[in-house]
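Q: Can we go through this one together? I'd like to talk about how the chains pack.

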Protein chains: 4
Amino acid sequence: MNESIGHNSEPVEAFAKEQLRSIIERVERLEEEKKTISDDVKDVYTEAKGNGFDVKALRTIVRLRKMNAGDRAEAETILDTYMHALGMV
Amino acid sequence: MNESIGHNSEPVEAFAKEQLRSIIERVERLEEEKKTISDDVKDVYTEAKGNGFDVKALRTIVRLRKMNAGDRAEAETILDTYMHALGMV
Amino acid sequence: MNESIGHNSEPVEAFAKEQLRSIIERVERLEEEKKTISDDVKDVYTEAKGNGFDVKALRTIVRLRKMNAGDRAEAETILDTYMHALGMV
Amino acid sequence: MNESIGHNSEPVEAFAKEQLRSIIERVERLEEEKKTISDDVKDVYTEAKGNGFDVKALRTIVRLRKMNAGDRAEAETILDTYMHALGMV
DNA sequence: ACTCCAATACTTTAGC
DNA sequence: GCTAAAGTATTGGAGT
């Protein structure tokens, strides 16, 4: 039992086309949401700046906190080693 | 040596500390949301791949469509651009 | 109603066109050179990696050294302040 | 004068230190060159501006031309892309 | 594991 | 001087 001959001459492709459309739309919807949130982040920093905070330092803090304790320690060890070797202490 | 009547010896700094904490937490919350959405995007592509779609091509389509509002318009006005550049306005 | 006796019917525009061409070519030449150097930088890091160095740390070193002593000290002070406030010491 | 027993307690590290120094210096030298060229590009645009050209438009032209090898080809094959995405290869 | 490319984030510059 | 935009650098992920 197939979906009969001829009502639709390209059933498979039509289906795939619908799938494609759906995929693209879902992705685009999600990326819009992401953009909204990115803008929210910007707003937070802008407001912080207005309250006298140093935005660059704030971003650094967020970045440091994102590393877990172990990774951060390791990264700092390597860095210290290199800095000592170069007399940057 | 104290600023105002001393119930709290560092009222300003304490306030700033709270502000700082709040800023960082808001940013971190937002970035978590962003990560969630990024993962959702990945899921969409993974599912698409399971249905036989070429993920790289899908990403290309999304990228080209994103360009289109701005860059397509820009490309269409390239002649104008040249004319302006030549002072033929 | 044309400008001067007709050896060239659009002398001004032709001149501007030549200028334009020259500008574009000079810029493109310079950007090629820049790309070459960027690739050289990449090569240095790749070689360093092959010798067991941590490339990310190396990049951090270069970035730190680029800041002058004063700026770096200031940046570190702000950062320390924030980190202490957040108990990240 | 050999690095075996005891004349030098850290021969490997000393060697690494020299390597490190060399890497950093090479990178810094290359980045200086890059900066010089970037400044040259700026000069070209500044001079162009002095001759009445619209710098923003010039930058647009350069950017569009840079796109053309890759992206124009990509745009031209967008139908192919869709077909692949639909498994109509 | 490693290379390559796309995506994000940061920096600097131009315009209001 | 500040906001907006471009260009540049770094990071992460996908494919081999």
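This is a predicted model: local features need pLDDT of at least 70, side-chain atom pairs count only at pLDDT 80 or more; totals for chains, interfaces and linings use all residues.

Q: Noted. At what angle do α2 of chain A and α3 of chain C pack?
A: About 55 degrees, with the axes 10 Å apart.

Q: Is the crossing of α2(A) and α3(C) left-handed or right-handed?
A: The crossing of α2(A) and α3(C) is right-handed.

Q: Which residues meet there, between α2(A) and α3(C)?
A: From α2(A), they are A:Ala57, A:Leu58, A:Thr60, A:Ile61 and A:Leu64. Facing them in α3(C) are C:Ile78, C:Leu79, C:Tyr82 and C:Met83. By type, the contact of α2(A) with α3(C) has eight nonpolar residues, one polar and no charged.

Q: What about α3 of chain A and α2 of chain C, how do they pack?
A: At about 55 degrees, axes 10 Å apart. That pair, α3(A) and α2(C), is therefore oblique. Its crossing is right-handed.

Q: Which residues of α3(A) and α2(C) meet?
A: A:Ile78, A:Leu79, A:Tyr82 and A:Met83 come from α3(A). They meet C:Ala57, C:Leu58, C:Thr60, C:Ile61 and C:Leu64 of α2(C). The contact of α3(A) with α2(C) divides into eight nonpolar, one polar and no charged residues.

Q: Switching topic. How many residues are in contact between chain A and chain B?
A: 27 residues of chain A touch 27 residues of chain B.

Q: And what area is buried between chain A and chain B?
A: About 2,600 Å², with carbon and sulfur atoms giving 71%.

Q: How many salt bridges cross between chain A and chain B?
A: Six. As for a named pair, B:Lys66 bridges to A:Glu31 at 3.3 Å, N to O.

Q: Now chain C and chain D. What area do they bury?
A: The area buried between chain C and chain D is about 2,600 Å², 71% from carbon and sulfur atoms. In chain C, the residues losing the most area to chain D are C:Leu30, C:Ile37 and C:Val44, together 19% of what that side buries. The contact involves 27 residues of chain C and 27 of chain D.

Q: How many salt bridges between chain C and chain D?
A: Six. D:Arg65 forms a salt bridge with C:Glu28, where the closest N and O atoms are 2.7 Å apart.

Q: What does D:Arg26 pair with?
A: C:Glu47, in a salt bridge of 3.4 Å, N to O. The pair crosses between chains, from α1 (residues 11-50) of chain D to α1 (residues 11-50) of chain C.

Q: Last one. How many salt bridges over all chains?
A: The structure holds 24.

Definitions and conventions: Residues are numbered from 1 along each chain as its sequence is written. Chains are lettered from A and ligands numbered from 1 in the order in which they are written. Side-chain values use heavy atoms; hydrogens and water are left out. Axes are lines fitted to C-alpha atoms, for helices over the stretch in contact, and angles run from 0 to 180 degrees between N-to-C directions. Helices (H or I, at least four residues) and strands (E, at least two) are DSSP runs, numbered from the N terminus. A crossing is left-handed if the near helix is turned anticlockwise from the far one by less than a right angle, and right-handed if clockwise. Contact means heavy atoms within 4.5 Å. Ala, Val, Leu, Ile, Met, Phe, Trp, Tyr, Cys and Pro count as nonpolar, Asp, Glu, Lys and Arg as charged, and the others, Gly among them, as polar. Buried area is the accessible area (1.4 Å probe) that two parts lose on being put together, summed over both. A salt bridge is a side-chain nitrogen of Lys or Arg within 4 Å of a carboxyl oxygen of Asp or Glu. Angles under 35 degrees count as roughly parallel, over 145 as roughly antiparallel, 65 to 115 as roughly perpendicular and the rest as oblique.
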